[in-house]
Amino acid sequence: MATTAFGALSVVKQAKRARQENDTLRLVDAAVSAAAILTGLAILYRELKRLGDDDVLLG
C-alpha cells in the first residue's frame, strides 16, 4: 500500500507538470496511471473483503 501511495503522489506531480507545460501526452499518461492505481486498490479491497468473509472469527 505504501508503494501505491508513492505512486499516487508521483501521478499528481506528473499531472501538474503536464498541465503547466500543456503536454497532452503526459497528461494522458498520468490519467492512465491514476486509473491503474485505482483499479489496484479496488482489487485489494475486494480481496481483503473476501478474506474477511471467509474467516469465521472475523464475523
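1. Helices (H or I, at least four residues) and strands (E, at least two) are taken here as DSSP runs, numbered from the N terminus. M1 sits in the segment before α1 (2-21). Please keep in mind that this is a predicted model, in which local features need pLDDT of at least 70, side-chain atom pairs count only at pLDDT 80 or more, and totals for chains, interfaces and linings use all residues. Residues are numbered from 1 along each chain as its sequence is written, and side-chain values use heavy atoms, with hydrogens and water left out.

2. A word on the whole chain. The protein chain has two helices and zero strands. Buried residues (under 20% relative accessible area, with exposed meaning over 50% and partly exposed in between; 1.4 Å probe, protein chains only) make up 12% of the 59 residues. The chain's accessible surface, from the Shrake-Rupley method with a 1.4 Å probe, where for residues only the protein chains shown count as cover, comes to about 5,000 Å². Carbon and sulfur atoms hold 63% of that surface.

3. Next, α1. This helix has 20 residues and reaches 29 Å from its first C-alpha to its last, close to the 28 Å expected at 1.5 Å a residue. The expected span is 1.5 Å times one less than the number of residues. Which residues of α1 are buried? They are V11, Q14, A15 and A18. Seen down the axis of α1, these buried residues fall within an arc of 100°, so they line one face of the helix; the arc is that of the directions from the helix axis to the C-beta atoms. On the other side of α1, A2, F6, L9, K13, K16 and Q20 are exposed. Just after the helix, N22 takes a positive phi of about 55°.

4. Back to M1. This residue is exposed, with a relative accessible area of 72%. M1 and G40 are 39 residues apart in sequence, and their C-alpha atoms are 9.8 Å apart in space. M1 also belongs to a nonpolar patch on the surface, together with L38, L41, L44, L48 and L51. The patch has about 620 Å² of accessible area in total. Patches are made of residues with over 30% relative accessible area and no salt bridge, where like charges are joined within 9 Å and nonpolar side chains (Val, Leu, Ile, Met, Phe, Trp, Tyr) within 5 Å.

5. Now the charged pairs. A salt bridge is a side-chain nitrogen of Lys or Arg within 4 Å of a carboxyl oxygen of Asp or Glu. How many salt bridges does this rule give? The count comes to three. In one of them, the side chains of D23 and R26 meet at 3.4 Å, N to O. D23 is partly exposed at 25% relative accessible area, and R26 is partly exposed at 39%.

6. Last, a cluster worth a look on screen. R46 and E47 meet in a salt bridge at 3.7 Å, N to O, while E47 forms a salt bridge with R50, the closest N and O atoms being 3.6 Å apart. E47 and R50 are separated by about one helical turn because they are three residues apart in helix α2. Salt bridges that share partners join R46, E47 and R50 into one network. R46 is partly exposed at 41% relative accessibility, E47 at 37% and R50 at 45%.
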